[in-house]
Amino acid sequence: MRADPLVTVSRAADRALHARLVAGDPTAPSDLIDTHLPRLMDRLRRKFPRMDPWDLEEIAMGSVTRIAMEPTRYDPARSALGTYLYLDASRDALNAIARTKRRAEHEISLEAVELSAPTRNTLATDKGDPEARLVGKENERMTQAWLVKHFDQMDRELVQLVYAGERRTETFARALGIDHLPLPEQRRRVKRHKDRINARLRRLGIQGPDHG
Amino acid sequence: MADDALLRRAVAHARGHPFFLAALLLDWADREGLDMAGLADRLGCAPADLPRVLLCRRPTGTGPAFRADVERIAARFGLEPLRLTQAIRQATALAAMPPAAAERWLAAARDREPESEPPPEATP
């Protein structure tokens, strides 16, 4: 089978450009960006049509500048430079999509927790509206699933108290089973547990209700 | 070939990496109060070529290695090597100065215009 002359020329040009990058030719990064960035953008836009084009452009620029700065990351014997850049940028784009998805899941979870908290759950307690009851039930189900996934039983109770706006030490102390201890000790332990819960919520990408 | 708008955005991206001339020369241009046309004029390059110049690797090393880098960029884009060298040296010196000292030096350089000299410690 004969090689496509255009592809062959392109591979030869790529090899020459890569050799200049490796040799430290100061003009090679400019040629790399000028030649490969538009092609890469075209390919990425076709592959990720629903992704924000500005995000895609940043990703494409990231891939191209990485190779400009560290050309030995790419091995010309293994693939065409355009293919390497496309795969590298596609991986970054998929990671960005996954991050966005995770953030969205956290936001849904946060919304569910907030809506299910007794002091804020206006939808779920609106007994006169069947649709509101349905939404309330769905929120409750989502909240429980999310809490079970991330917290043990005691912490689930604490999270719900936090989101309910509960501030009384004795309520938390009862939930923790430490209400028999002297009040100063209860306060100390309750604070420690609340700090721990808030830190865990932050790690999960959720700001506690006291943090706006 | 990339279109002008894409190249300008690539320059903005490259500005975040000290590897590129964009990082050095655009900061310098900002402190000198030069816009892109002013910077092109100072470098003696065609405005249309400026983004491609800024996307070059920043010349490194000292002596012959630095000179070779500058000459290569200059030859490629039809610049005068001396003007490019002066710009890089001024920008490098300014980048290394504390902001207050840089402002004093810039003010002095503006007083001396049009012939502004690089500061004495400006050897890259």
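Reader: What ipTM does the predictor give the complex?
Author: The model is predicted, and the predictor supplies scores for the complex as a whole. Its pTM is 0.63. The ipTM is 0.83.

Reader: Which helix of chain B has the lowest mean pLDDT?
Author: Chain B averages a pLDDT of 86, and 81% of its residues score at least 70. Among the elements of chain B, the highest mean, 97, belongs to helix α4 (residues 50-54). The lowest mean, 69, belongs to helix α7 (residues 99-112) of chain B.

Reader: Over which residues of chain B does pLDDT stay under 50?
Author: Where pLDDT is low, the predicted coordinates should not be read in detail. The stretch asked about has 7 contacts beyond four places in sequence in the model. In chain B, pLDDT stays under 50 over residues 120-124.

Reader: How many helices does chain B have?
Author: Read along the sequence, chain B follows the pattern α-α-α-α-α-α-α. It has 0 strands. The number of helices in chain B is 7.

Reader: What percentage of the residues of chain B count as buried?
Author: Chain B exposes about 6200 Å², and carbon and sulfur atoms supply 54% of that area. Among its contacts between residues at least 6 apart in sequence, 57% join residues at least 24 apart. Of the 124 residues of chain B, the share that count as buried is 45%.

Reader: Is Leu6(B) buried or exposed?
Author: Leu6(B) is in helix α1 of chain B. Leaving aside neighbours within four places in sequence, Leu6(B) is in contact with Leu37(A), Pro38(A), Glu57(A) and Met61(A). Buried means under 20% relative accessible area. Leu6(B) has a relative accessibility of 6%, so it counts as buried.

Reader: What distance separates the C-alpha atoms of Leu6(B) and Pro51(B)?
Author: Leu6(B) and Pro51(B) are 45 residues apart along the chain. Their C-alpha atoms are separated by 9.8 Å.

Reader: Which element gives the most to the lining of the largest cavity?
Author: The largest cavity holds about 30 Å³ of space, and its lining consists of Ile33(A), Leu37(A), Met61(A), Val64(A), Thr65(A), Ala10(B) and His13(B). Two or more residues come from each of α2 (28-47) and α3 (53-69) of chain A and α1 (4-14) of chain B. By class, the lining has 5 nonpolar, 2 polar and no charged residues. With 3 residues, the element that gives the most is α3(A).

Reader: What is the volume of the second largest pocket?
Author: This pocket is lined by 11 residues, and those nearest its centre are His36(A), Arg39(A), Arg43(A), Gly82(A) and Thr83(A). At least two lining residues come from each of α1 (5-23), α2 and α4 of chain A. The lining divides into 3 nonpolar, 4 polar and 4 charged residues. The volume of the second largest pocket is about 170 Å³.

Reader: Why does Ser79(A) count as buried?
Author: Ser79(A) is in the loop between α3 and α4 (81-116) of chain A. Not counting residues up to four places away in sequence, Ser79(A) touches Arg11(A), Tyr74(A) and Tyr84(A). The cut-off for buried is under 20% relative accessible area. Ser79(A) counts as buried because its relative accessibility is 19%.

Technical notes. Residues numbered from 1 in each chain as written. Chains lettered and ligands numbered in written order. Predicted model: local features only at pLDDT ≥ 70, side-chain atom pairs only at ≥ 80, totals over all residues. Heavy atoms only, no water. 1 Å grid on protein atoms, 1.4 Å probe; cavity = no way out; pocket = protein on both sides within 12 Å on 5 of 7 lines; lining within 4 Å. Points joined across faces, edges and corners; volume = space filled by probe spheres on them. Helix = DSSP H or I, 4+ residues; strand = E, 2+ residues; numbered from the N terminus. Nonpolar A, V, L, I, M, F, W, Y, C, P; charged D, E, K, R; others polar. Buried < 20%, exposed > 50% of the residue type's maximum accessible area, 1.4 Å probe, protein only. Contact = heavy atoms within 4.5 Å. Areas by Shrake-Rupley, 256 points an atom, 1.4 Å probe, with all protein chains shown as cover. pLDDT = per-residue confidence, 0-100.
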